[in-house]
Amino acid sequence: MAEVVAVLDFGSQYTQVIARRLRECQVYSKVYPFFTTAESLKEEGVKGIILSGGPSSVFAETAPKPDTAIFNLEVPVMGICYGLQLLGFLLGGKAEHSEEREYGKGTLTITEDSPLFEGINKTIRVWNSHGDKLTQLPEGFKPVASTENSAFAAIENRERNFYGLQFHPEVFHTEQGTDIIRNFVFSICGCTGDWTMESYIESSIAAIHERVGDKKVILGLSGGVDSSVAAKLIHDAIGPQLTCVFVDNGLLRKKEREAVEKLYGDHFQINLVVADSSELFLGRLAGVTDPEQKRKIIGNTFIEVFESEVDKIGEVDFLAQGTIYPDIIESLPIDGNPASLIKSHHNVGGLPERMKLKILEPLNQLFKDEVRLLGKSLGLPDNVVWRQPFPGPGLAVRILGDITADNLKVLRGADAILLEEMKKADMYYKVWQSFAVFLPVRTVGVMGDERTYDNVIALRIVESVDAMTADWAQLDHDLLAKISNRIINEVKGVNRVVLDISSKPPSTIEWE
Ligand code: XMP
């Protein structure tokens, strides 16, 4: 098992970013709720503890505080922002409450030698977030760096290996931030950097073997990154004991089903069951225009089809899912933590509870970028590992109004051209998503000598890092012209193409 450094979560929007930075340094890190006991951290054998930032004031009655016994574990502790205030406050220093929080860039000047700043320039740009202010350091601490606004921008008690930073080393705007984190984990915590994809693959294959034994596993393969990587990893571990079920709901993109059959069935030789249920789905969706209603029908029908396929397979013990780490990190209900307001509304719920199967989630410790890296290491092609997100309800959220076989055909044709041109122009992997939307309106056009009265296709092409916010991508006009021309010329039933130039918020990425 890899060495682990714990990140105690006090509600900062950057908590996960800290864990990711540590993993980029090849040190395994996990996010724990702030109240995790020292005893259980000790049991996990943590090599170091990082106290995250957070929106609270240490003076607030409801301020989240750690189990103070963590300070007696004799492992290095580094507090970031609110974490630094906690160190100061809980170890006997003095702090002042300040009503105003101040965010932004600052300049850090390193004033003393510190193992934390080994190899760091004497002055660096940092990303600050000031809330309360330390006015007196606890015994045994000294300041090692300052900023314009704070004499205690970085503090240390080298004897006990406690460090505090008023700024955020984990965010991109802090220069050499990752180097500071690296100093903490390697020089101070003594980690060796044993978290690599190879070691992960080895240990998770062993773990899957051990857990599954000679039992059978099923997995709902969607063709998306997470379920694909999970399928390949589990297949590498247990081979034919795994069966993947791919539900063709009739709402897939052009040639999508064939691509799945070819890659997983033919190429990787994974047991693959393809449930052709387009008629069932499209029959139930006929005449339904309300988006919520569409989603409900699709979700329920999926469960029904999946269950009946599993029944046909016979005795099955495990349901495998491509759940990834950000899906399971609990968002703490701390006031002001934006993460706690974000609901996950996208997954097909209810399946595990109903099926009474044991759950196997081999990716649940990985961030998205690590899942991609894992997929690469397992030999999945780039067009799977780097594919754009595609919603569970498929093209149903991209056909406004009635979903009919004709509308689907038009949308598929337009979407395929858009994808092809994006790939040719080397833009497909540079944007977050690029897709076509079918609008249930007809407009007038002329083709040759004839007047036409045909459908409108909207192009939605966005940039984003996490889909929480997004902006429309400013593509080259020649490329847009080519896409539009080809769609109008080649897809029967379309005489107008429009471009969506709205950002999220206030719009969303999908049109529904
Ligand atoms: P919105 O439209 O909410 O989309 O801005 C944000 C991201 O989520 C994807 N999306 C879905 N994914 N099931 C999914 O698996 C869904 O029902 C669903 N709805 C939206 C969307 O493609 C975008 O990446």
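In this predicted model, Pro 143 stands opposite Ile 155 of strand β10. The chain averages a pLDDT of 92, and 95% of the residues score at least 70. The points below move from strand pairing to aromatic rings, charges over rings and backbone geometry.

- Strands of a sheet pair through backbone hydrogen bonds, and the pairing is either parallel or antiparallel.
- Strand β10 (residues 150-157) is mostly covered, since seven of its eight residues are buried.
- Strand β10 also runs antiparallel to strand β11 (residues 162-165), and four bridges join the two.
- Within this second pairing, Glu 156 has Tyr 163 of β11 as its bridge partner.
- The hairpin of β10 and β11 has four residues between the strands, and Asn 161 takes a positive phi near 65 degrees there.

**The open sheet of five strands**

- Five strands form an open sheet with parallel pairing, in the order β14-β13-β12-β15-β16.
- Strands β14 (271-276) and β16 (358-360) stand at the edges with a single partner strand each, so one side of each has no neighbour in the sheet.
- From one strand to the next, the twist averages 30 degrees.
- Strand β12 (residues 217-220) and strand β15 (residues 318-320) run parallel and are joined by three bridges; Val 217 has Phe 318 in β15 as its bridge partner.
- Helix α7 (residues 256-267) packs on the sheet and touches β13 (242-248) and β14, with its direction at about 165 degrees to that of β14.
- Helix α9 (residues 291-313) also packs on the sheet, where it touches β12, β13, β14 and β15; its direction makes about 145 degrees with that of β13.

**Aromatic pairs**

- A pair of aromatic rings is described by the distance of the centres and the angle of the planes.
- A search of the whole structure finds eleven aromatic pairs.
- The ring centres of Phe 10 and Tyr 82 are 5.6 Å apart and the planes stand at 55 degrees, so this pair is tilted.
- Phe 10 lies in the loop between β1 (4-9) and α1 (15-24), whereas Tyr 82 lies in helix α3 (residues 82-90), so the pair ties together parts that are 72 residues apart in sequence.
- Phe 10 is buried, with a relative accessible area of 0%, and Tyr 82 is buried, with a value of 3%.
- Phe 59 and Phe 89 form an edge-to-face pair, at 5.5 Å centre to centre and with 85 degrees between the planes.
- This pair links distant parts of the chain, 30 residues apart: Phe 59 is in the loop between β3 (48-51) and β4 (77-80), and Phe 89 is in helix α3.
- Phe 59 is partly exposed, with a relative accessible area of 37%, and Phe 89 is partly exposed, with a value of 30%.
- Phe 10, Phe 34, Phe 35 and Tyr 82 form one aromatic cluster.

**Charges over rings**

- Arg 398 lies over the face of Phe 435, at 3.7 Å from the ring centre.
- The charged end of Lys 423 sits over the ring of Tyr 428, at 4.7 Å from its centre.

**Backbone geometry**

- Most residues other than glycine have a negative phi, and most peptide bonds are trans.
- Gln 176 has a positive phi, near 55 degrees; this residue is placed in the loop between β11 and α4 (177-188) and is partly exposed, at 23% relative accessibility.
- Asp 426 has a positive phi, near 65 degrees, and is placed in the loop between α14 (405-424) and β17 (433-447).
- The peptide bond joining Lys 504 and Pro 505 is cis, with omega about -20 degrees.
- The peptide bond from Pro 505 to Pro 506 is cis, with omega near 5 degrees.
- Pro 505 is placed in the segment after β20 (494-499), and Pro 506 lies in the segment after β20.

Terms used: Residues numbered from 1 in each chain as written. Predicted model: local features only at pLDDT ≥ 70, side-chain atom pairs only at ≥ 80, totals over all residues. Heavy atoms only, no water. pLDDT = per-residue confidence, 0-100. Buried < 20%, exposed > 50% of the residue type's maximum accessible area, 1.4 Å probe, protein only. Pairing = 2+ DSSP bridges. Axes fitted to C-alpha atoms, helices over the stretch in contact; angles between N-to-C directions. Contact = heavy atoms within 4.5 Å. Phe/Tyr/Trp six-rings, centres within 6.5 Å; stacked < 30°, edge-to-face > 60°. Lys NZ or Arg CZ within 6 Å of the ring centre and 35° of its normal.
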